[in-house]
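Please look through the sequence and the model shown here, and then read the report that follows, which moves from the whole chain to single residues.

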Amino acid sequence: MKSGGNEFRYGADFYMTPEDFRADGDDFFDRDGNRLINRTDDELTSTSASFYASGPIIRDKLFFYALYEPRLVETVSGNTAGNSISDAKDDTATWGGKLDWLITDNHSLEFFGFSDDRADVADRYDEGSLIETQTTDLGGTNWALTYTGFFGDKLVVKALYCENERNYDGRT
C-alpha cells in the first residue's frame, strides 16, 4: 500500500464499464447439444470512484495515506436451461488507510488496514416470476502492524502482527 510523505497529496479517479462495451460470451454445449454453460444471459456493468489523500501528521516523523472507493456492480446471469435469471447488485464501498511512524533513523512502525466488505443482493426469477431475494455478505476487515529495526550494518529485525476477518454469509 502507498505511504504518505512530507507533502500533502490528494486525488480522485472514476471508472465505468457499461455492459454495451463488453464482448458477448459464447454458450458451451456437449456433443448431444445440451447447454453446459450459459453465457447468453450474462451481463455486467460496473462503476467506481476512488478518492485518496496523504501527507504528514508530524513532518519527517508521522505520515498518513487514506483511500475510499464507492462502487456499483450489477450482474445478470442465467442457469443452463435458460429459464432462471439472477439479477444481482453490490453497491458497497471499500476503504484503506496507512500510518508510517519513523521513530528514529533506525526504527519504524507501520500500521495499515482495509475493508473489502460486500453485500451482494440478488433477485432470482424463474420463467419471469420473482422466486427469492438472496443477500450474501462477503469480505471483511484486515489490518497489520509492522516494526522494522536496523541494528548496525548487519542485523535487521522485522516483526509483523496482523488480523484478517473474512465473511461469507448467504441468506434469503
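How many positive and how many negative side chains does the protein have, and how far apart do the centres of the two sets lie?

## Charge and surface

The model is predicted, and every value in this report is to be read with that in mind. The protein carries 17 positive side chains and 33 negative ones, and the centres of these two sets are 9 Å apart.

Of its 172 residues, 23% count as buried, where a residue is called buried if its relative accessible area is under 20%.

## Overall build

Taken along the principal axes, the box filled by the C-alpha atoms is roughly 70 × 30 × 30 Å.

Contacts can also be sorted by how far apart the two residues lie along the chain. Among the contacts in the protein with a separation of 6 or more, 59% are between residues 24 or more positions apart.

## Strand β5 and its partners

Strand β5, which covers residues 62-78, pairs with strand β4, residues 43-58, in the antiparallel sense, and 13 bridges hold this pairing. Within it, Phe-51 has Tyr-68 of β5 as its bridge partner. The hairpin of β4 and β5 has three residues between the strands, and in this hairpin Asp-60 takes a positive phi near 65 degrees.

Strand β5 also runs antiparallel to strand β7, residues 93-102, and nine bridges join the two. Here Ala-66 stands opposite Gly-97, a residue of β7.

One of the residue pairs is formed by Gly-78 and its bridge partner in β6, Ile-85.

Which residue takes a positive phi in the hairpin of β5 and β6? That residue is Gly-82, with a phi near 85 degrees, in a hairpin that has five residues between the strands.

Conventions
Residues are numbered from 1 along each chain as its sequence is written. This is a predicted model: local features need pLDDT of at least 70, side-chain atom pairs count only at pLDDT 80 or more; totals for chains, interfaces and linings use all residues. Side-chain values use heavy atoms; hydrogens and water are left out. Buried means under 20% relative accessible area, exposed over 50%, partly exposed in between (1.4 Å probe, protein chains only). Contact means heavy atoms within 4.5 Å. Lys and Arg count as positive and Asp and Glu as negative; His and the chain ends are not counted. The place of a charge is taken as NZ of Lys, CZ of Arg, CG of Asp or CD of Glu. Two strands pair if DSSP finds at least two bridges between them. Helices (H or I, at least four residues) and strands (E, at least two) are DSSP runs, numbered from the N terminus.
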